[in-house]
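Please look at the fold first and then read the sections in order.

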Amino acid sequence: MNESDNQRPIRSRGFYVRMKLLHATRNSRNPEKGFFYRYFKWILWFSVSFYLFSSFLASHGDPPTSISRTTVSISKASRALVEESSANSTTTTHVHGVSGLLKGMKVYIYDLPSSYNADWLSNERCRSHLFASEVAIHKALMSSEVRTLDPWEADFFFVPVYVSCNFSSVNGFPAIGHARSLLASAVRLLSSQFTFWNRSLGSDHIFVASHDFGSCFHTMESVATVEGVPQFLKNSIILQTFGVTYKHPCQEVENVVIPPYVSPESLRDTVSRSPLTGQRDIFAFFRGKMEVHPKNVSGHFYSKKVRTLIWRKYGNDRRFYLRRRRFAGYQSEILRSTFCLCPLGWAPWSPRIVESVVLGCVPVIIADGIRLPFSSAVPWSEISLTVAEDNIANLGKILEYVAATNLTAIQSNLWDPKIRNALIFRDPMVRDDSTWQVLLSLSEKLHRSHKSQ
């Protein structure tokens, strides 16, 4: 360092103010001018000092030591869902006036790392396949009026973990072998970083299980029933497609039965090509997997052989339009049909039930003991038929009898727009749609809210 460097004045970085207050001399030629000059300098000094002090307080406030009781920021992953919902919608993203109908209920949505949800959306099928209600519900809640950004005022906490978007490279079906570990990881994260899970042991937390056997998180019933509901979820609320009227290990948890996801866009496109009340030239319809020689899978047969029996009994019956191969435009066939067969697969529920109702075809439910979604909004006994699994031999006679007696009344009930709407997850949520029905069901469980304790 040279001598000239030593002589440079040292100045701190950032905003720098140097003020030299000059004192009036005793020999001042203009005393009045000196007085006003000194007054002006003191006013200037006070203004600058007040500005600096205010800036310091604004930028150096005490950091929060716990979760803020005000607005919680939205992560990149969550923000992407909100922005996409806004971009795709030309209507309001809110259902106004829901507070009274839903008893003032508030739901907080955890802002999880994108590896739990948004990253899975890189595969477009994640948004549209039959298990996609986990995405649809999350997206609808993000723009709903029941959502709160303040976790301290929440009644329920929604945990957005997508477990059904891991598609097999072999057959293209969703593979959920990772589901339990992914959910367990999310719960560990919540319990270590937030107070709310530990406060209630998860009893006011909501998860979606939109696959075969719901909260058991396995595609085969024999395995699902042995493993049961994961211990860490047994206190929580599960929104699941699986539901039966008898005791079953996969519903030994607080649950709400929801419909499988069917794309509103695909349904709208189908209806646009032909009216619901148009000609129906197919008497009884089914397209899907029907094994001629059912395989024994660990002592179990697909559909409990029901579909095989339907094929064997009615495959050559001209009243029945049965097809075993896939067809992308099968919804147009539903629109042409009077009765649509909805037999069980591995699980009792099927997207055909939703598609049949929405497209005006009387669903013929062949799945003993199935518990159907939203019974308070959908009068299932008035819009569908139920045939026992062991009564396939009489299926033709049953349909003929209904066609000759009360078919008109059933169709009149079936074509009620409010009923159809209850089984569709819309974006954004609208009153009486599937997400709305979920919220209505949750509002009946407010006794689980920490606020009610």
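## Basis

The model is predicted: local features need pLDDT of at least 70 and side-chain atom pairs count only at pLDDT 80 or more, while totals for chains, interfaces and linings use all residues. Residues are numbered from 1 along each chain as its sequence is written, and side-chain values use heavy atoms, with hydrogens and water left out.

## The sheet from β1 to β5

Five strands form an open sheet with parallel pairing, in the order β1-β2-β3-β4-β5. Helices (H or I, at least four residues) and strands (E, at least two) are DSSP runs, numbered from the N terminus, and two strands pair if DSSP finds at least two bridges between them. The edges are held by β1 and β5 (254-257), each with a single partner strand, so one side of each has no neighbour in the sheet. From one strand to the next the twist averages 30°.

Within this sheet, β3 (residues 205-209) and β4 (residues 237-240) pair in the parallel sense over four bridges. V208 has L239 in β4 as its bridge partner.

## The sheet from β9 to β12

Another open sheet has five strands in the order β9-β6-β10-β11-β12, again with parallel pairing. Its edges are β9 (320-323) and β12 (385-386); each has a single partner strand, so one side of each is left without a neighbour in the sheet. Two bridges join β11 (residues 362-366) to β12 in the parallel sense, and I365 stands opposite T386 in β12.

Helix α12 lies across β6, β10 and β11 and runs at about 165° to β10. Helix α14 (residues 395-404) lies across β6, β9, β10, β11 and β12, at about 140° to β10. Axes are lines fitted to C-alpha atoms, for helices over the stretch in contact, and angles run from 0 to 180 degrees between N-to-C directions.

## Pocket and cavities

On a 1 Å grid over the protein atoms alone, a cavity is a set of points where a 1.4 Å probe fits but cannot get out, and a pocket is an open set with protein on both sides within 12 Å along at least five of seven lines; lining residues have an atom within 4 Å of a point. Grid points are joined across faces, edges and corners, and a volume is the space filled by probe spheres set on the points.

The largest pocket has a volume of about 1,600 Å³. Its lining has 47 residues, and L130, F173, R326, P351 and R352 lie nearest its centre. Elements that give two or more residues to this lining are α9 (264-273), β6 (282-287), α11 (330-335), β10 (337-343) and α12 (351-358).

There are three cavities of 30 Å³ or more, and the largest cavity has a volume of about 80 Å³. Of the 13 residues lining the largest cavity, P260, W349, I353, L372 and P373 are the closest to its centre.

## Local details

A cis peptide bond, with omega about 0°, joins D427 and P428. P428 lies in the loop between α16 (417-421) and α17 (434-443). K103 is not a glycine, yet has a positive phi of about 60°; K103 is in the loop between α4 (98-101) and β1.

Terms used
Contact means heavy atoms within 4.5 Å.
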